[in-house]
Amino acid sequence: MRGTFANIRIKNEMAPGTEGGITLHMPDGVQMPIYDAAMKYKAEGVPTVIIGGKEYGTGSSRDWAAKGTMLLGARAVIVESFERIHRSNLVGMGVLPLTFMNGVDRKNLNLTGEEVLDILGLDDISPRKTMSLAVHRSNGTIDHVPLLCRIDTIDEVAYYRHGGILQYVLREMAKAA
């Protein structure tokens, strides 16, 4: 788990001039390894979201990349596009895959990592549903950004609602017993 997001080619836009698994813990702005920040957020009870670019998950170590994301406490991944298998693996781990719509991305939204993000519509997930991201900025303004839920099938909805495919299968087995 400590190695998740530790690839030296990662360039975290929250921590300019660094490479590898470095980020800023917010709101204090302290620079630290992603693992340490994730554990600090977990201890604080703060759910986290990953924001990324195009073909997110390409070249990842398949299911382990999604497991690591879940174990670090990420509840959702919001990107421009997903690598097909990684998207599916995120759902299987109970992590919500979302994509920006209509040419919107993290750059033209001017996301810095100082914002508080709320994903609206989590109570009523359905395949390829349009959802909304409320971006609470430090100046007090709130922007609402449409997102596409990349849970693509009814079965994936069930996996996500159960917290992942393993939990889904175990519950189904318990019902049958």
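L117 is found in strand β6, which covers residues 116–120; helices (H or I, at least four residues) and strands (E, at least two) are DSSP runs, numbered from the N terminus. The model is a predicted one, in which local features need pLDDT of at least 70 and side-chain atom pairs count only at pLDDT 80 or more, while totals for chains, interfaces and linings use all residues. Residues are numbered from 1 along each chain as its sequence is written, and side-chain values use heavy atoms, with hydrogens and water left out.

L117 counts as partly exposed because its relative accessibility is 24%; buried means under 20% relative accessible area, exposed over 50%, and partly exposed in between (1.4 Å probe, protein chains only). Leaving aside neighbours within four places in sequence, L117 is in contact (heavy atoms within 4.5 Å) with V49, I51, L133, A134 and V135.

The C-alpha trace spans about 55 × 35 × 30 Å along its principal axes. Of the 177 residues, 42% count as buried. Among contacts between residues at least 6 apart in sequence, 50% join residues at least 24 apart. The accessible surface comes to about 9,800 Å², of which 55% belongs to carbon and sulfur atoms (Shrake-Rupley method, 1.4 Å probe).

The second largest pocket has a volume of about 170 Å³. A pocket is an open set of points on a 1 Å grid over the protein atoms alone, where a 1.4 Å probe fits, with protein on both sides within 12 Å along at least five of seven lines; lining residues have an atom within 4 Å of a point. The volume is the space filled by probe spheres set on the points. The lining consists of K42, M70, G73, A74, R75, M93, G94, V95, Y160, R161, H162 and G163. Strand β4 (74–79) and helix α4 (154–161) each supply at least two of the lining residues. By class, five are nonpolar, four polar and three charged; Ala, Val, Leu, Ile, Met, Phe, Trp, Tyr, Cys and Pro count as nonpolar, Asp, Glu, Lys and Arg as charged, and the others, Gly among them, as polar.

Several loops carry backbone features. A cis peptide bond, with omega about 15 degrees, joins M26 and P27, and P27 is found in the loop between β1 (22–25) and β2 (30–33). E55, in the loop between β3 (48–51) and α2 (63–71), is not a glycine but has a positive phi of about 50 degrees. E55 counts as partly exposed, at 43% relative accessibility. N110 lies in the loop between β5 (96–100) and β6 and has a positive phi near 55 degrees. At 54% relative accessibility, N110 counts as exposed.

S81 is placed in the loop between β4 and α3 (84–92). Beyond neighbours within four places in sequence, S81 is in contact with G53, K54, E55, Y56 and T99. The C-alpha atoms of S81 and G57, 24 residues apart along the chain, are separated by 9.2 Å.
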